[in-house]
Amino acid sequence: MIPFNKPFLAGKEIHYIYQAVYSGKISGNGQYTKLCQNYFHRYFGFQRCLLTTSCTSALEMAAILVDIQPGDEVIMPSFTFVSTANAFVLRGARLVFADSGAQHPNMDVSALEELVTPRTKAIVVMHYGGMACDMDAVMELANRKGLWVVEDAAQAVDSYYKGKVLGSIGHLSAFSFHETKNVISGEGGMLAINDPRFEGRAEIIWEKGTNRASFFRGEVDKYNWQDIGSSYLPSEIVAAFLYAQLENLEMIQQQRRRIWDRYWSALAPLATAGLVKLPEVPPHATCNGHLFYLLCHDLEERQQLISYLRTKDIYAAFHYVPLHSSPFYHSRHGTRVLPNADYYGNTLVRLPLFYELTDNEQEKVICSVTEFYSQCA
Ligand SMILES: *Cc1c(COP(=O)(O)O)cnc(C)c1O
């Protein structure tokens with residue numbers, strides 16, 4: 001059986017968890033949390049990072065920080081995960097969904113300006129498969145209209161836009177360390193704070209609305225209730241797991257990119273023959289090997305391909321049902337059509353991609369996809 005994903009253990013996870021547990025401090029914001037946050041600061045240059053219990057909670061913190069009020073409009077892609085949207089809906093935002101591009105599942109940034117109204121407060125971008133949106137265009141529009149930009153960088157660790165690391169460009173960014181991502185801690189995430197104006201408040205929201213972090217640094221003699229907030233810190237057990245992964249980030253990334261490249265070149269003949277479409281890395285972007293997809297002609301063909309692979313014991317997966325047509329939001333979305341989001345919703349299929357996927361297993365996936373299309377031809 002070739003699963004769709006298999007969480008990778010870099011080696012020292014249990015060792016660091018053991019140390020964390022026996023250090024006598026296992027709640028949040030301890031030694032391993034600091035090691036992880038410092039890692040992102042040193043290695044990627046993020047000014048300020050806070051580990052969170054998930055990317056979902058980092059996005060919720062971002063929605064609080066940009067001060068979303070009921071009725072504020074937030075522009076975001078329809079082709080994204082529910083957490084991108086939920087975090088803002090929880091604060092009363094009205095979502096304005098943008099379509100994907102014709103050439104890429106990422107939001108079509110050239111069509112964003114017409115979605116801006118006097119009520120627009122923020123743009124949330126999501127870098128699909130870790131490939132950058134055109135951030136110059138997004139930031140130019142946001143600066144001109146006075147909007148906040150939040151990057152949902154859940155899939156985008158160690159990936160770049162014109163040489164700038166993703167997650168460092170918007171005012172705030174959210175990362176995920178869910179077990180399906182490149183570096184993992186089971187559940188886990190991080191908020192990157194790129195606009196220093198948010199630093200003080202972010203730490204308070206993170207600590208249940210209190211200035212406890214400042215208290216532990218000895219800056220105040222007691223801590224108290226300062227603002228709204230929630231329990232957004234992961235325990236040291238989670239941070240210890242993550243640190244073991246971060247120490248091996250380069251190795252993990254190298255392997256994932258190798259698998260991605262191999263899929264791409266082995267399936268290129270199918271694309272040349274017009275049987276499938278393969279992902280295109282935009283010229284401004286890099287690929288971090290987060291996921292590998294191909295695009296079928298239609299929904300029916302995609303279901304047939306997934307079923308065919310299942311008969312070979314290979315687990316492939318479709319991806320998002322676009323949020324504008326979701327049971328929860330379609331009546332609020334109205335009638336604006338988003339044909340490209342629907343297209344990716346219907347035709348995109350992801351192939352198994354994980355660190356321990358062997359060459360033989362990958363070969364089997366490639367052969368099976370190729371067989372499926374030669375039968376069709
Ligand atoms: C995985 C993912 C999330 C959610 O991450 P969690 O850490 O599970 O909360 C949010 N947005 C996108 C685009 C994702 O891929």
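The model is a predicted one.

An open sheet is built from 7 strands, in the order 1-9-8-5-4-2-3. Its pairing is mixed. Strand 1 and strand 3 (94–98) are the edge strands, and each pairs on one side only. On average, neighbouring strands are turned by 20° against each other, direction ignored.

Strand 2 (residues 73–77) runs parallel to strand 4 (residues 120–126), and the two share 3 bridges. V74 faces A122 of strand 4.

Two helices pack on this sheet. Helix 4 touches strand 2, strand 3, strand 4 and strand 5. The direction of helix 4 makes about 175° with that of strand 2. Helix 6 touches strand 1 and strand 9, and its direction makes about 15° with that of strand 1.

**Helix 3**

Among the buried residues are C55, L59, M61 and I64. What do they pack against? The partners of the buried residues include strand 1 (48–52), helix 4 (82–89), strand 5 (148–152) and helix 6.

Both ends have a detail to look for. At the N-terminal end, S54 caps the helix: a side-chain oxygen of S54 lies 3.3 Å from the backbone nitrogen of T56. After the helix comes D67, with a positive phi near 60°.

**The nonpolar cores**

The largest nonpolar core holds 55 residues. F40, L112 and I123 have the most contacts inside it. Helix 8 (residues 236–246) gives the largest share of this core, with 7 residues. A second, separate core has 46 residues, including C55, V150, A154 and Y232. Beyond its neighbours within four places in sequence, L112 is in contact with I75, A98, M107, I123, V138 and L141.

**Salt bridges**

The whole structure contains 18 salt bridges. Three of them are listed here.

| Salt bridge | Closest N and O atoms |
|---|---|
| K6 and E356 | 3.8 Å |
| E113 and R144 | 3.0 Å |
| D359 and R262 | 3.9 Å |

K6 sits in the segment before helix 1 (13–22), while E356 is in the loop between strand 11 (348–351) and helix 13 (359–376). These two residues are 350 residues apart. K6 is partly exposed at 39% relative accessible area, and E356 is partly exposed at 36%.

E113 is in the loop between strand 3 and strand 4, and R144 is in helix 5 (residues 135–145), so their bridge ties together parts 31 residues apart in sequence. D359 belongs to helix 13 and R262 to helix 9 (residues 249–272), so this pair ties together parts 97 residues apart in sequence.

There is also a network of salt bridges linking R48, E203, R217 and E219.

**Two loop residues**

E207 is in the loop between helix 6 (199–206) and helix 7 (212–216). Is E207 buried or exposed? With 2% relative accessibility, E207 counts as buried, because buried means under 20%. Its side chain makes a polar contact of 3.5 Å with the side chain of R212. Leaving aside neighbours within four places in sequence, the contacts of E207 include N29, A213, S230 and L233.

V337 lies in the loop between helix 11 (330–333) and helix 12 (339–347). V337 counts as exposed, at 65% relative accessibility. The C-alpha atoms of V337 and L233 are separated by 39 Å, and the two residues are 104 residues apart along the chain.

Definitions and conventions
Residues are numbered from 1 along each chain as its sequence is written. This is a predicted model: local features need pLDDT of at least 70, side-chain atom pairs count only at pLDDT 80 or more; totals for chains, interfaces and linings use all residues. Side-chain values use heavy atoms; hydrogens and water are left out. Helices (H or I, at least four residues) and strands (E, at least two) are DSSP runs, numbered from the N terminus. Buried means under 20% relative accessible area, exposed over 50%, partly exposed in between (1.4 Å probe, protein chains only). A polar contact is a pair of N or O atoms within 3.5 Å; within protein, one must be able to donate a hydrogen and the other to accept it, and residues adjacent in sequence count only if both atoms are side-chain atoms. Contact means heavy atoms within 4.5 Å. A nonpolar core is a set of buried Ala, Val, Leu, Ile, Met, Phe, Trp, Tyr and Cys residues joined through side-chain atoms within 4.5 Å. Two strands pair if DSSP finds at least two bridges between them. Axes are lines fitted to C-alpha atoms, for helices over the stretch in contact, and angles run from 0 to 180 degrees between N-to-C directions. A salt bridge is a side-chain nitrogen of Lys or Arg within 4 Å of a carboxyl oxygen of Asp or Glu.
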